[in-house]
Amino acid sequence: MSEFLQHLVNMLVLGGTYALLGIGLTLIFGIMNVVNFTHGVLYTFGAYIMFIVVQQLGLNFFLALPVAVLAGWLLGAAIELTLLRPLRGSDIDTTMLVMIGAWIAMQSGTLWIWGGVAKSVATPFPEAPLVLGPVSVSWLRLFVLAAAAMLILVTYLLINKTSLGRAMRATFQDHDTASLMGVNVDMIYTSTFAIGSSLAAAAGALLGPVYVIFPQMGDLAAVKAFAIVILGGLGNITGAVIGGFILALAEELGAGYVSSGYRDAMGFLIIIAVLIFRPTGLFARAERVG
Amino acid sequence: MTRALGLVGTIALTTALFAGTAGAQTIKIGVNEPLTGAFAASGTYVVNGARIAADEINAKGGILGKKIELVIEDNKSNPTEAAAVAEKLITSDKVPVLMGAWGSSLTLAVMPKLMEYETPMVVETSSSGKITTTGNPFIFRISPPSAVEAAAFKGIVDKLALKKVDFLVINNDWGRGTAEDFSKMMKDKGITIGLVETMDQGAQDMSAQLSKIKSSDSETVIVTTAVDQLTLIFKQAAALGLKKRIITTGGSQNPDQIIAQAGAAANGTMHLTTFLPWFPDKTPNPEATNYFITEWKKRGFEFAGCTESFRGYDGIRTAAAAIEKAGKAEPAAIKAALWNINIKGLNGDIVFRKSGPEGKESGQSQPNVYLIEINDGKVEMKTL
């Protein structure tokens, strides 16, 4: 029983970060319909910003987080302006190929700048974990969970309760009509991509200090992000959050009670099942197709 | 215009060809190591050790009157890449001998290429038993196979009063081979084997496996993986309040890095290593060990890397000794000469003995294995 409780706690801290990865991508992949292969690199980028600010500049850990979010926002905006804007209206394959190119170029860039050897970031949290009866959890992971929950809430409110969010939803539902209603469509494309990118950078900045930072760290994160988005339904923020926790639960229980060797396979078995039985995602509403 | 361009192209090509011939003034040794991916830290240490050996040899005038040149390629911690890199080094760079490929799965992927091109390789780190038992006569290994590690560990299991042991190993030929060889040895000793948990080489979160181990009734965990993943395991085990004795194997632990990054969680842990940079006087070849450590520090590398980098140093010296003995930089001659070398490695004499099926034996030298314990943030030696 105590083992099961520990697995549940692990699931919570892991699921929070998966959810964060998922909502960033669901904005770009789900709402903008761009197969964003740079999501993983932005995750890596956020982690390296953390490394620069904390380890190389010696600045405060908590200051580094907003810096990473801002840097992710700027890099995302730059990618949208230089690569995606000229390609707007071209087919999804062309955009996808360009994004694959950007992914490889940026990953090689991080390798070139920082080298392949993993870096770690010191944190201000105590080493001794918080022990609650049979379960224990590190303070850093609790902070990451809290920060992720906050970012998810802010994103949710931004999309659903602000005029920017309304303009975003309108733009990607019907680009021309939104434009006729006075929405600055160009600005919406750039800011949506930038917001999604800053969420990826935030996830990297939060998880970099938990794990280690290296140029390929984003690859597995990106694969999982795509899985979460498909699980939750394209463009569905609540779905992405729940999808993140389902993936974490599957991995924890799969590794704990089935076989740790297939830990990463568990999530993908669920994806296959979802694609067969509910191809629009677990939480998709009924849609009119005609 | 097109013609002029063609002419420029021809000139460039000719110059490149001449440059290639000029390169033949050196003797090339191919180095196939993971410089990116999961084993980047370890592979980089080995390459830096290899460079020290090459510089030392060249400072003394090189071999056969020529300087040696390391052709270093990154196998990205990926078996497919490791095989491709070996092919590139042999066919394009025309190296007569290789060193590599760090991980067991990487080395196993390279082995068919060695057969295909009949080029020998000095294996500096890999520990899977399969490497020297499948009948590849181009393999010459200077690192201990996991069965040798297990045999060395056998002497101390009574002293440690081991009763029930869990394993947490990397999910590849190295980790699974270690779990197999250690389980066999321990079962003979009457020790119960509990869980055998695995982790993917790129995995960063081992909390699920560690939670399971935390709830088991064993008192000891044997952990096999490289330094980056080990550091994460120590941190995550501490966060979960896992209080079992942890013993690591494989010689890629860099204990000083564990002390630096895992802090108090490292105390009481034991590690099977293949080099003793903390106690140069206790190594088989103190003079060479001191030279190597001084040179390593002079280059500004972290001391923690010594336990890994010495293998690159020994590996290149092994290859160079064979080239010198062969009298020419040709694969067949070097392969024959490898059987006759006897050099003083940092971890014992490097002399190859036959291993594997008759008629196509691989070479295996007999390096030492040591057990160290971390106490109060310091490394202590345990007698095996």
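At what angle do helix H2 (residues 39-56) of chain A and helix H9 (residues 217-232) of chain A pack, and how far apart are their axes? The angle is about 130°, with the axes 7 Å apart, where axes are lines fitted to C-alpha atoms, for helices over the stretch in contact, and angles run from 0 to 180 degrees between N-to-C directions. That makes H2(A) oblique to H9(A), since angles under 35 degrees count as roughly parallel, over 145 as roughly antiparallel, 65 to 115 as roughly perpendicular and the rest as oblique. Helices (H or I, at least four residues) and strands (E, at least two) are DSSP runs, numbered from the N terminus.

This is a predicted model, in which local features need pLDDT of at least 70 and side-chain atom pairs count only at pLDDT 80 or more, while totals for chains, interfaces and linings use all residues. Residues are numbered from 1 along each chain as its sequence is written, and chains are lettered from A and ligands numbered from 1 in the order in which they are written.

Among the residues of H2(A) that meet H9(A) are A:His39, A:Tyr43 and A:Ala47, and those on the H9(A) side include A:Met217, A:Asp219 and A:Ala225; two residues are in contact if their C-beta atoms, placed from the backbone, lie within 7 Å. The residues of this contact of H2(A) with H9(A) divide into 7 nonpolar, 4 polar and 1 charged, with Ala, Val, Leu, Ile, Met, Phe, Trp, Tyr, Cys and Pro counted as nonpolar, Asp, Glu, Lys and Arg as charged, and the others, Gly among them, as polar.

A further pair in chain A is helix H5 (residues 139-161) and helix H8 (residues 185-207), whose axes come within 10 Å and cross at roughly 170°. That makes H5(A) roughly antiparallel to H8(A). The contact of H5(A) with H8(A) involves 8 nonpolar residues, 1 polar and no charged.

Between the chains, the contact takes 32 residues from chain A and 30 residues from chain B. On the side of chain A that touches chain B, H1(A) gives the most, with 6 residues, and by class this side has 13 nonpolar, 12 polar and 7 charged residues.

Chain B is assigned domain 1 (2-144 + 286-364) and domain 2 (147-273), with bounds that come from an automatic or database domain assignment. The centres of domain 1 and domain 2 of chain B, taken over C-alpha atoms, are separated by 30 Å, and their contact takes 21 residues from domain 1 and 23 residues from domain 2.
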